[in-house]
Amino acid sequence: MSSKIIKHFLNSVLDIMPQLGFSNIEKKDILVKESSIKVHGVMLNLGVVGDMKGNVIYSMSENDAKKIASKMMMGMPVLEFDDMAQSAISELSNMLTAKASINLEKEGINTNISTPTLTYGSDFEVKTNTDKIIASEVLVDDISIKVNIAFE
């Protein structure tokens, strides 16, 4: 998997989050992990098909998801990770992945994305159908969003 492709997904966070009112955005190191992801909090899984096949999996703590949802809802307090907060976070994953998909299309790489599957809980593991996962963390106003990319 090309580092150029991975950067599209990370750069989508840099492009989209300021539009939602976030200002301090910092990319962390890119790591290669085994084919599973351990999550404590919220996970959004989107399928990607076309010239590339695989998954983009975003994860964050439930508390961080509530902070992001609050910002997306114009500062409305989010005390529970309820249906409205889940909808906001799901829409964020759509926006991030669509932005990356649009930029890949500009390079002649055709992709389509699925609707996100949102899962949350105290401690669970997700396995992908790839040998390796490319992962990075992005800090957005000190809120951690982990971006995991698993393509064939």
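What covers the buried residues of helix 2? The answer includes strand 2 (36-50), strand 3, helix 3 and strand 7.

## Ground rules

This is a predicted model, where local features need pLDDT of at least 70 and side-chain atom pairs count only at pLDDT 80 or more, while totals for chains, interfaces and linings use all residues. Residues are numbered from 1 along each chain as its sequence is written, and side-chain values use heavy atoms, with hydrogens and water left out.

Helices here are DSSP runs of H or I with at least four residues, strands are E runs of at least two, and both are numbered from the N terminus. In helix 2, the buried residues are Asp-64, Ala-65, Lys-66, Ile-68, Ala-69 and Ser-70. Buried means under 20% relative accessible area, exposed means over 50%, and partly exposed is in between (1.4 Å probe, protein chains only).

Just past the end of helix 2, Met-74 takes a positive phi of about 60 degrees. Lys-71 has its charged end over the ring of Phe-22, 5.3 Å from the ring centre. To count as sitting over a ring, NZ of Lys or CZ of Arg must be within 6 Å of the ring centre and within 35 degrees of the ring normal.

## Helix 1

Helix 1 takes in residues 3-16, which makes 14 residues, and it reaches 20 Å from first C-alpha to last, close to the 20 Å expected at 1.5 Å a residue. That expected span is 1.5 Å times one less than the number of residues. There's a bend of about 25 degrees at Leu-10, taken as the angle between axes fitted to the seven residues ending there and the seven starting there.

Its buried residues are Ile-5, Ile-6, His-8, Phe-9, Leu-10, Ser-12, Val-13 and Ile-16. They pack against strand 1 (25-33), strand 3 (54-60), helix 3 (83-106), strand 6 (133-140) and strand 7 (143-151).

Take Ser-12 in helix 1: at 0% relative accessibility, Ser-12 counts as buried. The Ser-12 side chain reaches the backbone oxygen of Leu-96 at 3.0 Å. Leaving aside neighbours within four places in sequence, Ser-12 is in contact (heavy atoms within 4.5 Å) with Leu-96, Lys-99 and Ala-100.

## Two aromatic pairs

Searching the whole structure turns up 2 aromatic pairs. Rings of Phe, Tyr and Trp (its six-membered ring) pair if their centres lie within 6.5 Å; planes under 30 degrees apart are stacked, over 60 edge-to-face, and the rest tilted. Phe-9 and Phe-151 have ring centres 5.7 Å apart and planes at 50 degrees, so this pair is tilted. It links distant parts of the chain, with Phe-9 in helix 1 and Phe-151 in strand 7, 142 residues apart. Phe-9 is buried at 2% relative accessibility, and Phe-151 is buried at 7%.

The rings of Phe-81 and Tyr-120 have centres 5.2 Å apart and planes at 85 degrees, so that pair is edge-to-face. Phe-81 lies in the loop between helix 2 (62-72) and helix 3, and Tyr-120 in strand 5 (residues 117-127), so the pair ties together parts that are 39 residues apart in sequence. Phe-81 counts as buried at 6% relative accessibility, whereas Tyr-120 counts as partly exposed at 40%.

## Glu-105 in helix 3

Glu-105 sits in helix 3 and is partly exposed at 43% relative accessibility. Apart from neighbours within four places in sequence, Glu-105 is in contact with Asn-110 and Thr-111.

Definitions and conventions
Polar contact = N/O pair within 3.5 Å; in protein donor to acceptor, adjacent residues only side chain to side chain.
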